[in-house]
Amino acid sequence: MTRLLLSLGLLAIFLLCLYGMWRGWQRRARRQAEVLPEFPQPPAETGATMLETTGVYVGTTIGEDWQDRVAVGDIGHRAEATLKLTENGVLVERTGASALWIPVEQVTSARTARGLAGKVMTADGLLVVRWQLGDKVLDTGFRGDDKDVYEQWVQALGDSA
């Protein structure tokens, strides 16, 4: 009987922790929705594709804080994705989630990084696109299947910025 009560108590604590994490995520999303402008929708015609790679969309963070993940909508959800650089912007087509569109005029730079949004890799394991959404600076991270293409992306986005 004591083991049953102890097991039920531990289960209750575990469920309470899960509930607290869920509430925190919801609160973060509401707080960010108040200060962030609406994310741009992909246009019907994105232009010719100049670069394309597959991998995992890691997340989008606010400004210099590599762990302040954007939680608005489904932007905060990791997903397998295809990253495309087109004439008009950067398109992240995510599996099981909405596409993320970054117009070329909002891109400010690109770099490689070790970590973003709680995801830490080996040196230069992530491609990070820095862009402007209203008055907020955002970093969008992508872990490519082929990291050898990162330099092409950094050069191409540096030229478009």
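Reader: Before we go on, at what pLDDT do side-chain atom pairs count?
Author: Residues are numbered from 1 along each chain as its sequence is written, and side-chain values use heavy atoms, leaving out hydrogens and water. This is a predicted model, in which totals for chains, interfaces and linings use all residues, local features need pLDDT of at least 70, and side-chain atom pairs count only at pLDDT 80 or more.

Reader: Thanks! Which residue joins its side chain to that of Arg111 in a polar contact of 3.3 Å?
Author: Arg111 is found in strand S5; strands (E, at least two residues) and helices (H or I, at least four) are DSSP runs numbered from the N terminus. Leaving aside neighbours within four places in sequence, Arg111 is in contact (heavy atoms within 4.5 Å) with Leu126, Leu127, Val128, Arg130, Asp139 and Val154. A polar contact is a pair of N or O atoms within 3.5 Å; within protein, one must be able to donate a hydrogen and the other to accept it, and residues adjacent in sequence count only if both atoms are side-chain atoms. The partner of Arg111 at 3.3 Å is Asp139.

Reader: Which residue of S8 is the bridge partner of Ala110?
Author: Strands pair if DSSP finds at least two bridges between them, and six bridges join S5 to S8, which run antiparallel. The partner of Ala110 in S8 is Val129.

Reader: And on to S9: which of its residues is the bridge partner of Leu127?
Author: S8 (residues 126-133) and S9 run antiparallel, joined by seven bridges. They form a hairpin with two residues between them, where Gly134 in the turn has a positive phi of about 65 degrees. Val128 stands opposite Gly141, while the partner of Leu127 is Phe142.

Reader: S9 also pairs with S1; which S9 residue is the bridge partner of Gly55?
Author: S1 (residues 49-62) and S9 (residues 136-144) pair in the antiparallel sense over seven bridges. Within that pairing, Gly55 has as its partner Gly144.

Reader: How many residues of S8 are buried?
Author: S8 is mostly covered, and Trp131 in this strand counts as buried at 0% relative accessibility. The buried count for S8 is seven of its eight residues.

Reader: What is the angle between the planes of Phe39 and Trp131?
Author: Rings of Phe, Tyr and Trp (its six-membered ring) pair if their centres lie within 6.5 Å; planes under 30 degrees apart count as stacked, over 60 as edge-to-face and the rest as tilted. The count comes to two aromatic pairs. Phe39 and Trp131 form one that is edge-to-face, 6.0 Å centre to centre, with an angle of 65 degrees.

Reader: How many residues apart are Phe39 and Trp131?
Author: Phe39 is buried, with a relative accessible area of 10%. It lies in the loop between helix H1 (2-35) and S1, whereas Trp131 is in strand S8, so the pair links distant parts of the chain, 92 residues apart.

Note on methods: Buried < 20%, exposed > 50% of the residue type's maximum accessible area, 1.4 Å probe, protein only.
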